[in-house]
Amino acid sequence: MPLIRDNDLVAQDPWVRVDDGAALPEDGTPVIVSLGRWRAERETLDGRNGRLGVVLKAGDDAAELAGDLERLSLVALEFPKFSDGRAFSTARLLRGRYRFRGELRAVGNVMRDQLLFMHRCGFDAYEVARDDALEAWTGALSDFSAWYQTAADDRRTAAQQRGECAAPPLSQSRARIRANAAAASAPPAPAVSCCAGDWAY
Amino acid sequence: MYQYDVLDRTIVAERVSQFRDQTARRLAGELAEDEFRPLRLMNGLYLQLHAYMLRVAIPYGTLSSGQMRALAGIARRFDKGYGHFTTRQNIQYNWVKLEEAPDILAALAEAGMHAIQTSGNCIRNTTTDQFAGAAADELEDPRPWCELIRQWSTFHPEFSYLPRKFKIAVSGAAHDRAAVAVHDIGLHLVRSGEGNVGFRVLVGGGLGRTPRLARAIRDFLPKRDLLAYLEAIMRVYNLHGRRDNIFKARIKILVDSLGTEEFARQVEGEFRAMHEFGYAPETSPAEIARITAQFADPVHKRAEAGGETLDRQRAENPDFDRWVRTNVAAHKRAGQAIVTVSLKPVGGPPGDASAEQMDAIAELADRYSFGEIRTTHAQNLVLPHVREADLFAIWQALGRHGLATANLGLVSDIICCPGLDYCNLANTRSIPVAQRISERFADAGRQAEIGPLAIKMSGCINACGHHHVGDIGLLGVDKKDGGEGYQMTLGGRADEDGALGAIIGRAFSSDEVVDAVETVVGTYVANRRDGEDFTATYRRIGAAPFKESLYAADQG
Ligand code: SF4
């Protein structure tokens with residue numbers, strides 16, 4: 001399955017998903033196991049000479065991994081279907097509350113229309129079904145250039161951009177440049193200079 | 001009123017281009033209907049019985065005259081010349097063509113409006129008191145907080161695929177006109193013992209199949225913590241709300257099953273962790289100040305009270321006098337008043353307005369109310385800041401457009417969902433029943449004599465017409481013989497004294513239902529003691545007398 005990481009298609013995913021009951025690879029291949037297997041075979045897994053990842057199903061509680069995250073290089077979160085948004089919150093907890101800094105991978109039903117939201121919630125890798133995935137991904141990334149709320153990413157929020165604006169020199173963030181371009185091409189909107197009294201109503 | 005800046009405009013404009021692209025892909029056959037469906041729903045576009053319906057957000061029910069004109073323009077250009085104001089303070093167009101939907105969204109964006117999150121399992125339009133910023137009994141204007149919530153919830157990356165739709169309401173007044181207790185989250189601005197203003201937080205209210213009044217989980221939340229606390233509630237719900245059964249997926253069911261105390265404990269735990277580990281949402285005081293400044297009070301330069309002239313006008317025109325008594329409310333500033341424009345003419349479909357009427361109201365708003373208009377959850381419109389001295393002129397102008405119906409809060413001011421005339425979930429029609437009830441009680445004198453009375457009607461258990469919280473609630477049900485049936489509930493109300501109505505007995509047929517309403521009204525009037533409202537009478541005498549008079553014939 002194609003994998004996108006750090007805005008790029010990964011040619012060869014080094015990680016191997018090992019099903020419950022299946023044998024672990026003899027060598028140091030990095031493996032992803034279920035939460036159940038991690039709990040049951042922690043010692044064996046710990047003793048292996050290779051990186052470790054755990055996959056959480058949508059109903060699994062991230063708190064169960066809280067004490068183990070130091071030892072994990074990857075956590076995969078499963079999206080069982082388009083409408084099931086639990087993994088978005090699990091991701092926020094892993095990044096925010098449990099300070100997980102390893103790879104956070106979206107697996108399962110990973111849709112183009114949700115990639116951007118996933119990224120905002122702290123995911124940095126995505127197993128996608130289609131092989132034109134990279135195009136879809138970069139396409140989805142450019143759908144929006146401004147956001148209202150803080151999340152797990154470092155996109156500047158509208159409020160932060162407004163704050164920046166008050167203190168020259170202006171930060172010409174990508175979003176800001178696009179915003180101005182969009183405003184200039186949107187017919188009835190008056191020409192807007194970034195700092196002009198546009199917010200002074 | 002909040003004005004979009006370049007960033008707000010960018011976000012909405014980018015959404016329009018995104019949807020234009022998605023629609024083009026659908027029309028070209030690149031997207032299948034089931035792939036397109038969630039995308040169009042997120043833009044407020046429903047497929048109904050006869051056509052597409054587009055639901056446009058009117059954030060917290062506040063509109064400028066320019067926006068109202070844009071809505072009128074859309075009604076003319078893309079619909080059949082009218083729009084329907086809903087119980088969620090939004091407007092719906094019922095005759096939309098798919099290929100034109102992106103153009104409608106573009107026209108909305110030009111006016112600083114959108115249809116974002118008017119559908120789908122996400123945070124919907126935040127609603128509030130239609131008199132916000134004008135009401136005499138208000139502690140503080142809730143709208144800056146509504147706007148903050150609007151921004152925070154728009155394209156929220158974590159909360160766009162919730163177990164079910166999610167509705168937040170905010171009230172800033174002593175009398176709760178926003179029905180906060182029947183929302184997933186209800187926020188009530190209150191003053192703490194120390195004199196600070198913050199929020200009382202309620203969760204798990206809602207109507208539908210399992211009606212619940214919201215339960216308080218925090219008696220006082222400092223304002224600066226609002227978004228963090230909301231995120232904590234949303235996160236607990238998003239993770240633990242049921243997803244296996246659509247009828248049990250609302251937050252009220254989670255609160256029921258955990259218990260209010262346990263739910264509150266989980267929310268508080270997450271709220272503390274957010275601060276401890278530094279992932280609470282941030283809102284700078286500067287941003288709150290920027291938003292708040294846009295809701296500054298408009299003040300008329302010369303707003304002397306109506307005085308003798310108004311008294312004389314009222315004395316000379318009984319119709320005007322009646323309208324002032326029902327449709328004009330006290331403003332917080334002396335000499336100013338709040339006018340509610342009824343969209344419930346006798347025999348008309350509740351909540352409908354023609355493009356001409358919308359333009360007329362925009363015109364009046366410009367002349368008399370600082371260009372400001374509100375929509376109400378009772379499906380009426382409001383001119384929030386008029387001078388008492390202008391009331392007579394406003395009333396006359398409204399009359400020329402069929403908008404001077406003096407029935408606010410009276411028996412013919414019926415809240416009613418679209419029902420089977422448009423909605424594919426409906427069991428029964430609702431609009432024609434509302435029309436027949438209002439015709440039965442057409443006589444203005446009789447309505448005044450009956451006094452305040454809320455009839456609310458839904459075409460199915462989804463309860464878009466809020467029937468559980470009507471003095472008289474009517475719910476469309478399937479009758480065994482295949483005909484339309486209406487189940488009646490009595491004694492509900494949506495304000496701070498909230499209560500859910502109780503079913504009175506067997507459902508009525510379409511032929512019986514208007515008589516049944518009249519019987520209930522008659523029983524109330526016959527039994528009420530000096531000035532009692534319906535609730536008071538109902539609570540005092542109980543359901544029995546109503547049952548007797550309604551079902552007397554069944555006994556024989
Ligand atoms: S209450 Fe039922 S019939 Fe009425 S609009 Fe809502 S879903 Fe449709």
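Me: How much area is buried between chain B and chain A?
Reply: Heads-up, this is a predicted model: local features need pLDDT of at least 70, side-chain atom pairs count only at pLDDT 80 or more, and totals for chains, interfaces and linings use all residues. Residues are numbered from 1 along each chain as its sequence is written, chains are lettered from A and ligands numbered from 1 in the order in which they are written, and side-chain values use heavy atoms, without hydrogens and water. Buried area is the accessible area (1.4 Å probe) that two parts lose on being put together, summed over both. Carbon and sulfur atoms give 59% of it here, and the total is about 4200 Å².

Me: How many residues of chain A are in contact with chain B?
Reply: Contact means heavy atoms within 4.5 Å. On the chain B side, 49 residues take part, and on the chain A side the count is 44.

Me: Which element gives the largest share of the lining of the largest cavity?
Reply: A cavity is a set of points on a 1 Å grid over the protein atoms alone where a 1.4 Å probe fits but cannot get out, and lining residues have an atom within 4 Å of a point. The largest cavity is lined by 21 residues, with A:D113, A:F117, A:F144, B:R15 and B:Q18 nearest its centre. At least two lining residues each come from α4 (112–120) of chain A and α1 (6–27) of chain B. The largest share, 6 residues, is from α4(A).

Me: What volume does the largest cavity have?
Reply: The structure holds 6 cavities of 30 Å³ or more. A volume is the space filled by probe spheres set on the grid points, which are joined across faces, edges and corners. For the largest cavity, that comes to about 270 Å³.

Me: How many charged residues does the lining of the second largest pocket have?
Reply: A pocket is an open set of points with protein on both sides within 12 Å along at least five of seven lines. The second largest pocket has a volume of about 990 Å³, and of its 35 lining residues, the closest to the centre are B:H175, B:R177, B:G409, B:P452 and B:A454. Ala, Val, Leu, Ile, Met, Phe, Trp, Tyr, Cys and Pro count as nonpolar, Asp, Glu, Lys and Arg as charged, and the others, Gly among them, as polar. That lining has 15 nonpolar and 11 polar residues, while the charged ones number 9.

Me: How far is the sulfur of A:C121 from the closest cysteine sulfur?
Reply: A disulfide is a pair of cysteine sulfur atoms within 2.5 Å, and the structure holds 0 of them over all chains. For A:C121, the closest cysteine sulfur is in B:C122, and a bond is ruled out because the distance is 15 Å.

Me: Is B:T489 buried or exposed?
Reply: Buried means under 20% relative accessible area, exposed over 50%, and partly exposed in between (1.4 Å probe, protein chains only). B:T489 sits in strand β19 (residues 484–490) of chain B; helices (H or I, at least four residues) and strands (E, at least two) are DSSP runs, numbered from the N terminus. Beyond its neighbours within four places in sequence, its contacts include B:H467, B:D471 and B:I503. With a relative accessibility of 4%, B:T489 counts as buried.
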